[in-house]
Amino acid sequence: MLLPTFFLVLAIVLLPLLANFWIAFKPITLADLRPPELVIKEQLRGTLSAKGDRARIEYRYRNSSINYPLNEVLFIDKLPEGIEIRDLDPACQLGSSQTELRCDLE
């Protein structure tokens with residue numbers, strides 16, 4: 001007769017209490033909770049207000065995780081129509097439409 005009562009007390013009170021102590025002594029830090037993710041900052045140096053203006057697009061990237069590296073990183077940027085690329089980083093290529101910039105960061 002008392003067995004269901006004991007099971008309810010065990011399930012509601014004691015199991016979460018034991019789980020709390022188990023989690024408290026695990027070696028985990030906030031850096032473990034942050035997944036590796038590519039963070040890109042795009043910056044335009046110069047102005048493109050008239051035809052023939054020159055500007056430079058800079059991309060700065062970083063890994064959001066401290067402990068885990070990024071593997072096989074690829075990002076794609078759409079460029080506006082009418083922009084002519086003169087100099088390109090070796091890690092990047094232009095797509096067939098000349099408006100898609102693909103960079104493979106290893």
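Which residue in E5 is the bridge partner of Leu74? Select Leu74 and look across to Asp104, its bridge partner in E5.

Before going on, keep in mind that this is a predicted model, where local features need pLDDT of at least 70, side-chain atom pairs count only at pLDDT 80 or more, and totals for chains, interfaces and linings use all residues. Residues are numbered from 1 along each chain as its sequence is written, and side-chain values use heavy atoms, with hydrogens and water left out.

Now show the whole sheet: 3 strands, open, in the order E3-E5-E4, with antiparallel pairing. Strand E3 (73-78) and strand E4 (92-94) each have a single partner strand, so one side of each is left without a neighbour in the sheet. Strands here are DSSP runs of E, at least two residues, numbered from the N terminus, and two of them pair if DSSP finds at least two bridges between them.

Next, select E5 (residues 100-105), joined to E3 by 6 bridges; Ile76 has its bridge partner there in Arg102. Colour Leu101, Cys103 and Leu105 for the covered face of E5, then Glu100, Arg102 and Asp104 for the uncovered one.

Move on to Asp77, in strand E3. Asp77 is buried (under 20% relative accessible area, 1.4 Å probe, protein chains only). Show Tyr59 too: a polar contact of 2.3 Å joins the two side chains (a pair of N or O atoms within 3.5 Å, one able to donate a hydrogen and the other to accept it; residues adjacent in sequence count only if both atoms are side-chain atoms).

Finish at Leu94, which stands opposite Leu101 in E5.

Note on methods: Helix = DSSP H or I, 4+ residues; strand = E, 2+ residues; numbered from the N terminus. Buried < 20%, exposed > 50% of the residue type's maximum accessible area, 1.4 Å probe, protein only. Lys, Arg positive; Asp, Glu negative; His and termini not counted. Salt bridge = Lys/Arg side-chain N within 4 Å of Asp/Glu carboxyl O.
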